[in-house]
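Please brief me on this structure.

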Amino acid sequence: MTKARQATLAILRDAQEPLCAAAVLERIGVCCDQVTVYRSLHFLEENGLADSFILHCAEHGTERYYTAVDSLKDGYSGHHHWFHCEMCHRFLDLGDCQLHTLVAGYEAAHQITVKSHTLYFTGICADCQIQGH
Ligand SMILES: [Zn+2]
Ligand SMILES: [Zn+2]
Ligand SMILES: [Zn+2]
C-alpha cells in the first residue's frame, strides 16, 4: 500500500466515528491533497478495508462517511451500524452488524445473493434528550 493509503486507513481506524473525506483530509495534514485522499478512500473501500454510507442530515446536508472495516467474518464484512444525533451531530457506534439472519432470509426467499447493505439510524442521543427536558 502507498503511504497515502496507509495514512488514510490509520486515520479511519483511529477515529471513533465515521469520517467524511473532508475530515480525513483535515487529519492527514500536508502530505496528501484532496484527490489523493479520495483515491485512497476508494481504494480502501474496493479492497474491503473501509466501508462507506451516505448520510443526510438536515443541518449539514448529504455527505459520504467512511469507517474502517475490522475483518471478514463468515463472508460478511465486519462493519458496524451507526446512530447519528440530529441535535449534537455526533455518531454513536451501535456495534457489529446484527442483520445476518435477516439477510439470509431475504436471500432464501428471493434467490438472491446479498453482497452489501447500508443502514444507519438518526434521532436524538441520550445526552440531548436530557438537555431537552
Ligand atoms: Zn446528541
Ligand atoms: Zn448531523
Ligand atoms: Zn450491517
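α3 lies across β2 and β3. The helix runs at about 115 degrees to β2. Such angles run from 0 to 180 degrees between N-to-C directions, with axes fitted to C-alpha atoms, for helices over the stretch in contact. Helices (H or I, at least four residues) and strands (E, at least two) are DSSP runs, numbered from the N terminus. This is a predicted model, in which local features need pLDDT of at least 70, side-chain atom pairs count only at pLDDT 80 or more, and totals for chains, interfaces and linings use all residues. Residues are numbered from 1 along each chain as its sequence is written, while chains are lettered from A and ligands numbered from 1 in the order in which they are written.

- Three strands form an open sheet in the order β1-β3-β2, with antiparallel pairing (two strands pair if DSSP finds at least two bridges between them).
- β1 (19–20) and β2 stand at the edges with a single partner strand each, so one side of each has no neighbour in the sheet.
- α1 packs on this sheet and touches β1, β2 and β3 (contact means C-beta atoms, placed from the backbone, within 7 Å).
- The direction of α1 makes about 95 degrees with that of β3.
- Eight bridges join β2 (residues 50–57) to β3.
- β2 and β3 form a hairpin, with three residues between them.
- Ala50 stands opposite Ala68 in β3, and Leu55 has Glu63 as its bridge partner there.

**The nonpolar core**
- The largest nonpolar core has 15 residues.
- A nonpolar core is a set of buried Ala, Val, Leu, Ile, Met, Phe, Trp, Tyr and Cys residues joined through C-beta atoms within 7 Å.
- α1 (3–14), α3 (34–46) and β3 (61–68) are the elements that give two or more residues to this core.
- The largest share, four residues, comes from α1.
- Residues with the most contacts inside the core include Leu12, Leu49 and Tyr66.
- Leu49 touches Leu9, Leu44, Ala68 and Val69, not counting residues up to four places away in sequence.

**The mixed sheet**
- A second open sheet has the order β7-β6-β8, and its pairing is mixed.
- The twist averages 20 degrees from one strand to the next.
- Four bridges join β6 (residues 80–85) to β8, and the two run parallel.
- Cys85 stands opposite Gly123 in β8.

**An exposed loop residue**
- Thr113 sits in the loop between α4 (100–110) and β8.
- Thr113 is exposed, because 7 other C-beta atoms lie within 10 Å.
- A residue is buried with 20 or more such atoms, exposed with 12 or fewer, and partly exposed in between, with C-beta atoms placed from the backbone.

Conventions:
Contact = placed C-beta atoms within 7 Å.
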